[in-house]
Amino acid sequence: MSPANEPRLSKAERTAQARERAREIREAQLKRDKRNKLLIGWGIVVAVVVIVGIIAVTVMQGIQNNAPIADKGPTPANGNVHGGVTLLKGTEVAKSEAASVDLAALPSAPATKPATVVAPGAEAEAGKPVKVVAYIDFICPVCKSFETAYGETLTKLRDEGKITLEYRALGFLDSRSTTNYSSRAANAAACVVNTSPDKYAAFFNLLFERQPAEGSAGISDNDLKKMATEVGAANIDSCVDNKTYRPYVKVITQETANIGVTGTPTVFIDGKQWNGQTTPDFPGELNKAIAAKK
């Protein structure tokens with residue numbers, strides 16, 4: 001039978017048919033709404049789990065970064081007991097055996113700040129090149145400015161054998177980050193010099209090149225590890241994870257405060273503190289010291 005010959009529905013039948021169609025549409029819509037609510041609900045659950053996970057990781061990292069550090073521990077090989085790493089010509093570093101440091105063994109700070117700060121191990125040595133000792137902090141913007149201004153000059157004089165350059169990396173500005181970045185970066189640098197002394201200068205330079213802003217979290221431990229690999233150093237993962245040289249950084253930072261150093265960079269030329277305000281010509285001061293050695 002063709003549609004044209006189909007019997008016409010009565011008004012009541014057409015109404016019933018329309019109602020049935022409306023019911024089917026409503027049921028389909030209800031199913032869609034239920035499914036969408038279920039998907040949204042699971043989406044919210046997943047999002048909450050992810051957020052909780054991120055918060056948990058952040059909290060754990062914060063706890064780990066701010067966990068108490070021991071008062072004594074090992075020094076890295078090729079680093080001295082005053083926190084110094086001495087750069088010679090090219091990538092050469094003065095060699096030394098690992099030792100140990102102890103906070104309890106430090107001389108006490110004087111009752112009043114000394115008029116002249118004397119840095120242990122920074123004095124001039126007869127018959128040796130001029131000794132430059134610089135106390136630095138890897139998050140210190142003025143330290144970066146010092147390196148930008150004088151890094152090439154210092155490298156040139158090192159390569160010519162006219163000076164040795166000793167850097168003492170501190171945790172002075174831990175309060176300027178949310179993760180004790182200064183001490184973490186100094187620890188990573190110690191890890192590098194312990195196993196890859198020829199990569200220390202490159203790692204040192206990279207830390208300043210990528211210096212984080214004061215007040216930030218700083219570079220993460222994972223990225224510090226990657227940076228060490230980037231400059232060709234041996235793997236320092238366990239050294240960073242175990243905070244191997246954080247006690248070392250803690251002790252030398254306290255020693256530095258005890259002798260009267262109040263900021264970074266603080267630089268000594270053959271034991272005499274350089275004052276950038278009264279004698280701003282740093283290369284000139286170096287050349288005077290070099291001339292006096294002749």
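Guide: One definition before we start: a residue is buried when its relative accessible area is under 20%, and exposed when that is over 50%. Please keep in mind that this is a predicted model.

Visitor: Which loop holds N180, and what is its phi?
Guide: N180 is in the loop between strand 5 and helix 3. With a relative accessible area of 16%, N180 is buried. Although N180 is not a glycine, its phi is positive, at about 55 degrees.

Visitor: How far is T179 from I219 in space, C-alpha to C-alpha?
Guide: T179 also has its place in the loop between strand 5 and helix 3, and it is buried at a relative accessible area of 11%. In sequence, T179 and I219 are 40 residues apart. Their C-alpha atoms, in space, are separated by 9.1 Å.

Visitor: Let us step back to the whole chain. What share of its residues is buried?
Guide: The chain is built with eight helices and seven strands. It exposes about 16400 Å², and carbon and sulfur atoms supply 57% of that area. Of its 294 residues, the buried share is 39%.

Visitor: Among contacts with a separation of 6 or more, what part comes from residues 24 or more positions apart?
Guide: A contact here means heavy atoms within 4.5 Å. Counting the contacts with a separation of 6 or more, residues 24 or more positions apart account for 77%.

Visitor: Which residues form the disulfide, and where do they lie?
Guide: The structure holds one disulfide. It joins C191 and C239, whose sulfur atoms are 2.0 Å apart. The pair links distant parts of the chain, 48 residues apart: C191 is in helix 3 (residues 181-195) and C239 in helix 6 (residues 237-241).

Visitor: Is that link left-handed or right-handed?
Guide: Both C191 and C239 are buried. The angle about their S-S bond is -85 degrees, which makes the link left-handed.

Visitor: How many residues of helix 3 are buried?
Guide: Helix 3 reaches 22 Å from its first C-alpha to its last, close to the 21 Å expected at 1.5 Å a residue. This helix is mostly covered: of its 15 residues, the buried ones number 13.

Visitor: Why is helix 4 called largely enclosed, and what do its buried residues pack against?
Guide: Helix 4 (residues 200-209) is largely enclosed by the rest of the structure because seven of its 10 residues are buried. Those are Y200, A201, F203, F204, L206, L207 and F208. They pack against strand 2 (84-87), strand 4 (130-136), helix 2 (141-159), strand 5 (163-169), helix 3 and helix 5 (221-230).

Visitor: Which element gives the most to the lining of the largest cavity?
Guide: A search of the whole structure finds two cavities of 30 Å³ or more, and about 90 Å³ of space lies in the largest. Of the 13 residues lining that cavity, the closest to its centre are G83, A169, A186, A190 and Y248. Strand 5, helix 3 and helix 7 each supply at least two lining residues. The most, four residues, come from helix 3.

Visitor: Is the peptide bond from T264 to P265 cis or trans?
Guide: Most peptide bonds are trans. T264 lies in the loop between helix 7 (246-258) and strand 6 (266-269), and P265 belongs to that loop too. With omega near -5 degrees, the bond from T264 to P265 is cis.

Key
Residues numbered from 1 in each chain as written. Predicted model: local features only at pLDDT ≥ 70, side-chain atom pairs only at ≥ 80, totals over all residues. Heavy atoms only, no water. Disulfide = S-S within 2.5 Å. Buried < 20%, exposed > 50% of the residue type's maximum accessible area, 1.4 Å probe, protein only. Areas by Shrake-Rupley, 256 points an atom, 1.4 Å probe, with all protein chains shown as cover. Expected span 1.5 Å × (residues − 1). 1 Å grid on protein atoms, 1.4 Å probe; cavity = no way out; pocket = protein on both sides within 12 Å on 5 of 7 lines; lining within 4 Å. Points joined across faces, edges and corners; volume = space filled by probe spheres on them.
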